[in-house]
Amino acid sequence: MKYIQSSTTGHESGCIFCEALAKEDGPGNLVIVRGKAAFVMLNLFPYTNGHLMVAPMNHQAQLDELDADARAEMMELVSRGLVVLKKVYNPNAFNLGANIGQEAGAGVPGHVHLHIVPRWAGDTNFMSTVGEVRVLPETIDDSYKRIRAAWLQTFMER
Ligand SMILES: [Zn+2]
């Protein structure tokens, strides 16, 4: 069933993505970079260090509700995120994915987003970590500063 949302383009209160976009970029909102129709932010509750999320600027729940340009930009930002994370953390592998809808486990079902999770040999299995307390070797603040600096150096300062 389709219904009209109260706002499909504005900032939704209670949505971590919209609330981050309403703030100035920095360690306070965890936004790494903004494109035209999509942006990248650090996950405040990461599975591993460097856990990024890529989301559209607009509060939309479904990929097919987005403009093709926004979808294309999301994939470009994912690709750039992989490059930056390789530089900063030198991971062995990545998990890339989305939980679309509440029943799929989406933490923010109203605002579609892709997860990029760097993985190292011997780290805890991505799917089995749900509900466990993870001790990460780096603070969110440090992660933010390192990833942001590497992103700007790689893609903005040419
Ligand atoms: Zn939102």
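Are Phe17 and Phe39 buried or exposed? Both Phe17 and Phe39 are buried, and they turn up again in the second of the close-ups below, which come from a predicted model.

**Close-up A. Four side chains hold the zinc ion.** Here the zinc ion sits among Cys15 (SG), Cys18 (SG), His59 (ND1) and His111 (ND1), at 2.0 to 2.3 Å. Look at the angles: the four donor atoms subtend 103 to 116° around the zinc ion, so the arrangement counts as tetrahedral. For reference, the ideal angle for four tetrahedral donors is 109.5 degrees. Read along the chain, the donors of the zinc ion are spaced C-x2-C-x40-H-x51-H. That spacing brings in distant parts of the chain: Cys15 lies in the segment before α1 (16–21), and His111 is 96 residues away in the loop between β4 (93–97) and β5 (114–119). As for accessibility, Cys15 is at 3% and so counts as buried. Cys18 is buried too, at 1% relative accessibility, and His111 is buried at 0%.

Close-up B. In one of them, Phe17 and Phe39 have ring centres 6.3 Å apart and planes at 70°, so they meet edge-to-face. This pair also ties together distant parts of the chain, with Phe17 in helix α1 and Phe39 in strand β2, 22 residues apart. Another pair is Trp151 and Phe155, with ring centres 5.8 Å apart; their planes are at 55°, so this pair is tilted. Trp151 and Phe155 are about one helical turn apart, because they lie four residues apart in helix α3 (residues 140–155). Trp151 is buried, as is Phe155.

Close-up C. His51 has 0% relative accessibility, so it counts as buried. Its side chain makes a polar contact of 2.8 Å with the side chain of His115. The His51 side chain also reaches the backbone nitrogen of Tyr47, at 3.0 Å. Who else is around? Leaving aside residues up to four places away in sequence, His51 touches Met41, Leu42, Asn43, Phe45 and Pro46, along with His115, Ile116, Val117 and Pro118.

Note on methods
Residues are numbered from 1 along each chain as its sequence is written. This is a predicted model: local features need pLDDT of at least 70, side-chain atom pairs count only at pLDDT 80 or more; totals for chains, interfaces and linings use all residues. Side-chain values use heavy atoms; hydrogens and water are left out. Buried means under 20% relative accessible area, exposed over 50%, partly exposed in between (1.4 Å probe, protein chains only). A polar contact is a pair of N or O atoms within 3.5 Å; within protein, one must be able to donate a hydrogen and the other to accept it, and residues adjacent in sequence count only if both atoms are side-chain atoms. Contact means heavy atoms within 4.5 Å. Donors are N, O and S atoms within 2.8 Å of the metal (3.2 Å for Na, K and Ca); water is not among the atoms, so sites may look incomplete. Four donors count as tetrahedral if all angles lie between 85 and 135 degrees; four count as square planar and six as octahedral if opposite donors are over 155 degrees apart and all others between 65 and 115; anything else is irregular. Helices (H or I, at least four residues) and strands (E, at least two) are DSSP runs, numbered from the N terminus. Rings of Phe, Tyr and Trp (its six-membered ring) pair if their centres lie within 6.5 Å; planes under 30 degrees apart count as stacked, over 60 as edge-to-face and the rest as tilted.
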